[in-house]
Amino acid sequence: MALVGRKMEKLETVKAEIESTCSVKISLHSCDIREEDRVKETIADILVAHGKIDHLINNAGGQFPSPLNMISGKGFETVVRNNLTGGFLVAREVFNQHMMLQLGKKDMSITNIIADMWNGMPGMGHSGAARAGMLNFSETAANEWAPVRVNAVAPGFIASSGMDTYPEPMKQTIMQLDKTIPLQRLGLEAEVSGALVFLCSPAASFISGSCIRIDGAAPNARRIWPVGTGKANPAFNSFHLGGVPEVIQRRDAERASKKGN
Ligand SMILES: CCC/C=C/C(=O)SCCNC(=O)CCNC(=O)[C@H](O)C(C)(C)COP(=O)([O-])OP(=O)([O-])OC[C@H]1O[C@@H](n2cnc3c(N)ncnc32)[C@H](O)[C@@H]1OP(=O)([O-])[O-]
Ligand SMILES: NC(=O)C1=CN([C@@H]2O[C@H](COP(=O)(O)OP(=O)(O)OC[C@H]3O[C@@H](n4cnc5c(N)ncnc54)[C@H](OP(=O)(O)O)[C@@H]3O)[C@@H](O)[C@H]2O)C=CC1
């Protein structure tokens, strides 16, 4: 397993967590996926360390919240590079440096993480545009790079540490999000991982060019129908080391205190 991100400290933590549970060879690589030369070097380093890359999860990404009219050209480009160009560069290098030379010899896959951007992504329009582009890139690559399987996974609102990176106004929105989702709760990281493991497995060997939505049916909510029944289904909570983001802990404490009053 090769873990890639900008901050080595985060990667060390994840490595220690994985090693506390199972025995697997793990290499760590500090790389900003927006830097083309660094991406090329990183994929080459991974191939030296492991000799192969059978499955790529293109998960790195993120954005800052802003209304469209306040986004500068540089800010828009930064987010597009983070969520579209960077993912393309990583996938292209994995394909060119390894997968292209192994076609037909084994099952290989690329899964691109996008987002719930259907019908637009208000407050994060730069990211919505980039994620829609990533879906289209996945569809093209599923054709050009076959038999490598290329798919997308579109998470909706997932209670992850990423939610704690947002400023206070966005946190206020996050604290109300569960009420807007038909399944009446946020998703868990384990619920995204389940789909990723499936897509990397032989059970998904005829799935390519697809997108799996993991969003509690959020895009299916309609103004003519009240959202949810106030009851949520049980979550698939299989990450025993997974934490609850601070913003969700705060939401739950505020709700408990309101109930107590
Ligand atoms: C809950 C909703 C669902 C989604 C959930 C998730 O995705 S959870 C996952 C959540 N996790 C994540 O999102 C984590 C990953 N996200 C990130 O690393 C950052 O959001 C990033 C993509 C902007 C890169 O950041 P970086 O530090 O490498 O960027 P940089 O220094 O290269 O800046 C280049 C330019 O971009 C602009 N600009 C940048 N920030 C802001 C801002 N706050 N305000 C305004 N503008 C901003 C600015 O123009 C800047 O240039 P300047 O004016 O300084 O010359
Ligand atoms: N949580 C949610 O509700 C949703 C999340 N998503 C997407 O799912 C993915 C995972 O999100 P989540 O775990 O919540 O967020 P986090 O912010 O916790 O994780 C993002 C990861 O991407 C890495 N990363 C970000 N930018 C770069 C870059 N330029 N180069 C290399 N690595 C980078 C970060 O590592 P480091 O900082 O060390 O570089 C970090 O490990 C992201 O693409 C996110 O946008 C999509 C929809 C909803």
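**Reading strands and helices in a predicted model**

Colleague: Why is E4 said to be largely enclosed by the rest of the structure?

Modeller: Because 5 of the 5 residues of E4 are buried. Keep in mind that this is a predicted model.

Colleague: Which residues of E4 lie on one side, and which on the other?

Modeller: Start with the general idea. In a regular strand the side chains alternate between the two faces of the sheet. Now the case here. Ser 109, Thr 111 and Ile 113 of E4 are on one side. Ile 110 and Asn 112 are on the other. All of these are buried, and both faces of E4 are covered.

Colleague: What is the order of the strands in the open sheet?

Modeller: The order is E3-E4-E5-E6. That is 4 strands, with parallel pairing.

Colleague: Which strands stand at the edges?

Modeller: Strand E3 (55-58) and strand E6 (211-214) do. Each has a single partner strand, so one side of each is left without a neighbour in the sheet. From one strand to the next, the twist averages 15 degrees.

Colleague: How many bridges join E3 and E4?

Modeller: There are 4 bridges, and the two strands pair in the parallel sense. You can follow them residue by residue. Ile 57 stands opposite Thr 111 in E4. Asn 58 has Asn 112 of E4 as its bridge partner.

Colleague: Which strands does H3 lie across?

Modeller: H3 lies across E3 and E4. Its direction is at about 175 degrees to E3. Helix H6 (residues 189-200) also packs on the sheet. H6 touches E3, E4, strand E5 (149-155) and E6. The direction of H6 makes about 170 degrees with that of E5.

Colleague: Now two helices together. At what angle do H3 and H4 cross?

Modeller: General idea: two packed helices are described by the angle between their axes and the distance between the axes. Here, take helix H3 (residues 73-97) and helix H4 (residues 125-144). Their axes cross at roughly 20 degrees and come within 8 Å. That makes H3 roughly parallel to H4. The crossing is right-handed.

Colleague: Which residues make that contact?

Modeller: From H3, they include Gly 75, Phe 76, Val 79 and Val 80. From H4, they include Ala 129, Ala 130, Met 134 and Phe 137. By class, the H3 and H4 contact has 11 nonpolar, 6 polar and 1 charged residues.

Colleague: Are H2 and H3 parallel or oblique to each other?

Modeller: The axes of helix H2 (residues 36-50) and H3 cross at roughly 45 degrees. H2 and H3 are therefore oblique to each other. The axes come within 9 Å. This crossing is right-handed too.

Colleague: Which residues of H2 meet H3?

Modeller: Glu 36, Val 39, Lys 40, Ile 43, Ala 44 and Leu 47. On the H3 side they meet Leu 89, Val 90, Glu 93, Val 94 and Gln 97. By class, the H2 and H3 contact has 7 nonpolar, 1 polar and 3 charged residues.

Colleague: Last, a single residue. Where does Ile 71 lie?

Modeller: Ile 71 is in the loop between E3 and H3. Ile 71 has 18 of them inside 10 Å, so Ile 71 counts as partly exposed. A buried residue needs 20 or more.

Colleague: Which residues does Ile 71 touch?

Modeller: Leave out residues up to four places away in sequence. Then Ile 71 touches Ser 66, Phe 76 and His 126. Pro 219 is 148 residues from Ile 71 along the chain, and their C-alpha atoms are separated by 25 Å.

Technical notes:
Residues numbered from 1 in each chain as written. Chains lettered and ligands numbered in written order. Predicted model: local features only at pLDDT ≥ 70, side-chain atom pairs only at ≥ 80, totals over all residues. Axes fitted to C-alpha atoms, helices over the stretch in contact; angles between N-to-C directions. Parallel < 35°, antiparallel > 145°, perpendicular 65-115°, else oblique. Left-handed = near helix turned anticlockwise from the far one by under 90°. Contact = placed C-beta atoms within 7 Å. Nonpolar A, V, L, I, M, F, W, Y, C, P; charged D, E, K, R; others polar. Pairing = 2+ DSSP bridges. Buried ≥ 20, exposed ≤ 12 C-beta atoms within 10 Å, placed from the backbone.
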